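Please look over the sequence and the model below before reading on.

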Amino acid sequence: MRIIHRVAIAASATALLFAEKGWKVIATMRNPAKETELQKSGITVMPLDVTNAALIKETAAAALALGPVDVLFNNAGYGLARSEEHTS
């Protein structure tokens, strides 16, 4: 099985767990050069910034070139912080 996982600090544990279970994991992040723990565990790390359409296409093509994808775990997103007075 192959899983693609976009990594945040807390989510890297999920990628490591799947890799330990024998899954082939591809982790994506804005700056993969800063990440070393996942690579030591045999996880393929690729660059991905969800605000960059060209990079999305490039990374998707590179991931698919490694084989079929069975699971996509996406924790990319954004949040808006506001004061309590602005909520309803």
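**A walk through the predicted model**

The largest nonpolar core is made up of nine residues, namely Ala15, Leu16, Ala19, Val25, Ala27, Met29, Leu38, Ile43 and Val45; a nonpolar core is a set of buried Ala, Val, Leu, Ile, Met, Phe, Trp, Tyr and Cys residues joined through side-chain atoms within 4.5 Å. Buried here means under 20% relative accessible area, exposed means over 50%, and partly exposed lies in between, with a 1.4 Å probe and protein chains only. Helix H1 and strand E2 each supply at least two residues of this core, where helices (H or I, at least four residues) and strands (E, at least two) are DSSP runs numbered from the N terminus. In soluble globular proteins, nonpolar side chains tend to be buried together.

This is a predicted model, in which local features need pLDDT of at least 70 and side-chain atom pairs count only at pLDDT 80 or more, while totals for chains, interfaces and linings use all residues. Residues are numbered from 1 along each chain as its sequence is written, and side-chain values use heavy atoms, with hydrogens and water left out.

Helix H1 spans residues 12–20, and its buried residues are Ser12, Ala15, Leu16 and Ala19. Seen down the axis of H1, these buried residues fall within an arc of 100°, so they line one face of the helix; the arc is that of the directions from the helix axis to the C-beta atoms. After H1 comes glycine 22, with a positive phi near 100°.

In helix H3, the buried residues are Leu55, Thr59 and Ala63. They cover an arc of only 65° around the axis, which puts them on the same side of H3, whereas Ala53, Ala54, Lys57, Glu58, Leu64 and Ala65 are exposed on the other side. Following H3 is glycine 67, whose phi is also positive, near 135°.

Finally, a search of the whole structure finds one salt bridge, a term for a side-chain nitrogen of Lys or Arg within 4 Å of a carboxyl oxygen of Asp or Glu. The partners are arginine 30 and aspartate 49, whose closest N and O atoms are 4.0 Å apart. Because arginine 30 lies in the loop between strand E2 (24–29) and helix H2 (37–40), and aspartate 49 in the loop between strand E3 (44–47) and helix H3 (53–65), the pair ties together parts that are 19 residues apart in sequence. Arginine 30 is exposed, at 57% relative accessible area, while aspartate 49 counts as partly exposed, at 21% relative accessibility.
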